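Here is a quick tour of the model, moving from a pair of rings to the overall layout. Keep the 3D view open as you read.

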Amino acid sequence: MKFKNIFKNKSNMTTENTEFDQELDDATIETNANGEQLIVEELSVEEQLAQDLAKEKDKFLRLFAEFENYKKRTSKERLELFKTANQEVLLAMLPVLDDFDRAAVEINKSDDENLKKGVELIHEKLKSTLVSKGLEQVEIQAGDAFNADVAEAITQIPAPSDKLKGKIVDVIEKGYKLGDKIIRFPKVVVGN
């Protein structure tokens, strides 16, 4: 039987309508909020089960998609956490690396080759260990244009030449980054 919507007003029920009602013995009469009666076809058991199955499939697909999005989001957050988990330890090691750099400069002034070689080996081992954990030096040197997004200007001095106006005159402290994030900005002197 095809689905039919027939609206009848309660106040207009006549004998003509009663004959029609008798013909629709398969249908159920329901009253809506407006006081009108709706004739709704009863669904067979198979049709009802098919509708219920479709609803459950839709719920399942939505839940599955939500779970997949959750997995992607948490795996991305986890990767970010692993990338930056060593940040505090690496920040604590940077002053030691700076001390090794200063020591290497002073030891190179010495004539003791064994001392130079020993300190250089330890220095390289420390640098390679930190690099293996994701630490990279921010490449900046005297003569580069100053960029406040990459370096921190600690002072400005009169430029020794016109070429160095607005450019880096000296790098006081090296900068480092962990992945794409700068964890210590290089400290530079800018020509004015």
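## An aromatic pair on a helix

Let's start with Phe-60, which is exposed, with a relative accessibility of 52%. Phe-64 is partly exposed, and its relative accessible area is 43%. Both phenylalanines sit in helix α2, which covers residues 45–84. They are 4 residues apart there, so about one helical turn separates them.

How many aromatic pairs turn up when the whole structure is searched? The search gives 2. Phe-60 and Phe-64 make up a stacked pair, with 6.2 Å from centre to centre and 25° between the planes. The pair counts as stacked because its planes are under 30 degrees apart.

The mean pLDDT of the protein comes to 81, and 78% of its residues are at 70 or more. Element by element, strand β9 (residues 187–191) has the highest mean pLDDT, at 93, while strand β1 (residues 7–9) has the lowest, at 44.

Two stretches call for some care. Over residues 1–16 the pLDDT stays under 50, and the model has 26 contacts beyond four places in sequence for them. Residues 23–27 also stay under 50, with 7 contacts beyond four places in sequence. Where pLDDT is low, the predicted coordinates should not be read in detail.

## The overall layout

The protein has 4 helices and 9 strands.

Looking at contacts with a separation of 6 or more, 59% come from residues 24 or more positions apart.

## A three-stranded sheet

Now to an open sheet of 3 strands, ordered β5-β9-β6, with mixed pairing. Which strands are at the edges? They are β5 (152–157) and β6, each of which pairs on one side only. On average, neighbouring strands of this sheet are turned by 25° against each other, direction ignored.

Strands β5 and β9 run parallel and are joined by 5 bridges. If you want a specific spot to look at, take Gln-156, whose bridge partner in β9 is Val-190.

## Two buried residues

Ile-168 belongs to strand β6, which spans residues 168–173. Is Ile-168 buried or exposed? It is buried, with a relative accessible area of 0%. Leaving out residues up to four places away in sequence, Ile-168 touches Ile-140, Gln-141, Ala-142, Gly-143, Asp-144, Ala-145, Phe-146, Val-188 and Val-189. Gly-143 is 25 residues from Ile-168 along the chain, yet their C-alpha atoms are separated by 5.3 Å.

For a helical example, go to His-123 in helix α4 (residues 113–132). His-123 has 7% relative accessibility, so this histidine counts as buried. What does His-123 touch, not counting residues up to four places away in sequence? The residues are Leu-97, Phe-100 and Asp-101.

Definitions and conventions
Residues are numbered from 1 along each chain as its sequence is written. This is a predicted model: local features need pLDDT of at least 70, side-chain atom pairs count only at pLDDT 80 or more; totals for chains, interfaces and linings use all residues. Side-chain values use heavy atoms; hydrogens and water are left out. Rings of Phe, Tyr and Trp (its six-membered ring) pair if their centres lie within 6.5 Å; planes under 30 degrees apart count as stacked, over 60 as edge-to-face and the rest as tilted. Buried means under 20% relative accessible area, exposed over 50%, partly exposed in between (1.4 Å probe, protein chains only). Contact means heavy atoms within 4.5 Å. pLDDT is the predictor's confidence in each residue, from 0 to 100. Two strands pair if DSSP finds at least two bridges between them. Axes are lines fitted to C-alpha atoms, for helices over the stretch in contact, and angles run from 0 to 180 degrees between N-to-C directions.
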